[in-house]
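Please consider the following protein model.

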Amino acid sequence: PPGVSMMVDDGRIVRFDLDQDEDAETPVAQPGPFGLRIGMTRAQALAQFPGAPVSEPHAYLDDQGEYLTWQDPGSDLGIRLELFEGKVTQMYWGTSEAIELIEGCA
């Protein structure tokens, strides 16, 4: 679907990305896991997670950006949201290692 991409490492899909097109006026319609969506507020996103995510400062956006990362307790899978000014701008889900890659390269 539009706005969805995959990361492949050694012939295996390790991550799905949901990303807002910078030129688009409306958020990507495709939902991610647990009903998470691009354009949600931080509070809306926190309510959708099945457990509390870990908050970290964004690597490039100083105090205006944040990562919310949730790790599935029963596997090596997780979800990471990127937020800018309190709204979800990007979403990654897949292996724990792959969702930690900032530039989207394996």
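The model is predicted: local features need pLDDT of at least 70, side-chain atom pairs count only at pLDDT 80 or more, and totals for chains, interfaces and linings use all residues. Residues are numbered from 1 along each chain as its sequence is written, and side-chain values use heavy atoms, with hydrogens and water left out.

Reader: Is Asp76 buried, partly exposed or exposed?

Author: Asp76 is placed in the loop between strand E4 (65–71) and strand E5 (77–84), strands being DSSP runs (E, at least two residues) numbered from the N terminus. Buried means under 20% relative accessible area, exposed over 50%, and partly exposed in between (1.4 Å probe, protein chains only). Because its relative accessibility is 48%, Asp76 counts as partly exposed.

Reader: Which strands each supply at least two residues of the nonpolar patch?

Author: Met6, Val8, Ile13 and Phe16 make a nonpolar surface patch of about 360 Å². Areas come from the Shrake-Rupley method with a 1.4 Å probe. Met6 lies in strand E1, and the strands that each supply at least two patch residues are E1 (4–9) and E2 (12–19).

Reader: What distance separates the C-alpha atoms of Thr89 and Ile38?

Author: Thr89 belongs to strand E6 (residues 87–95). Ile38 is among the residues that Thr89 touches, contact meaning heavy atoms within 4.5 Å. Although 51 residues apart along the chain, Thr89 and Ile38 have C-alpha atoms separated by 5.5 Å.

Technical notes:
Helix = DSSP H or I, 4+ residues; strand = E, 2+ residues; numbered from the N terminus. Patch = residues over 30% accessible without salt bridge, like charges linked within 9 Å, V, L, I, M, F, W, Y side chains within 5 Å. Salt bridge = Lys/Arg side-chain N within 4 Å of Asp/Glu carboxyl O. Lists of a residue's contacts leave out its neighbours within four places in sequence.
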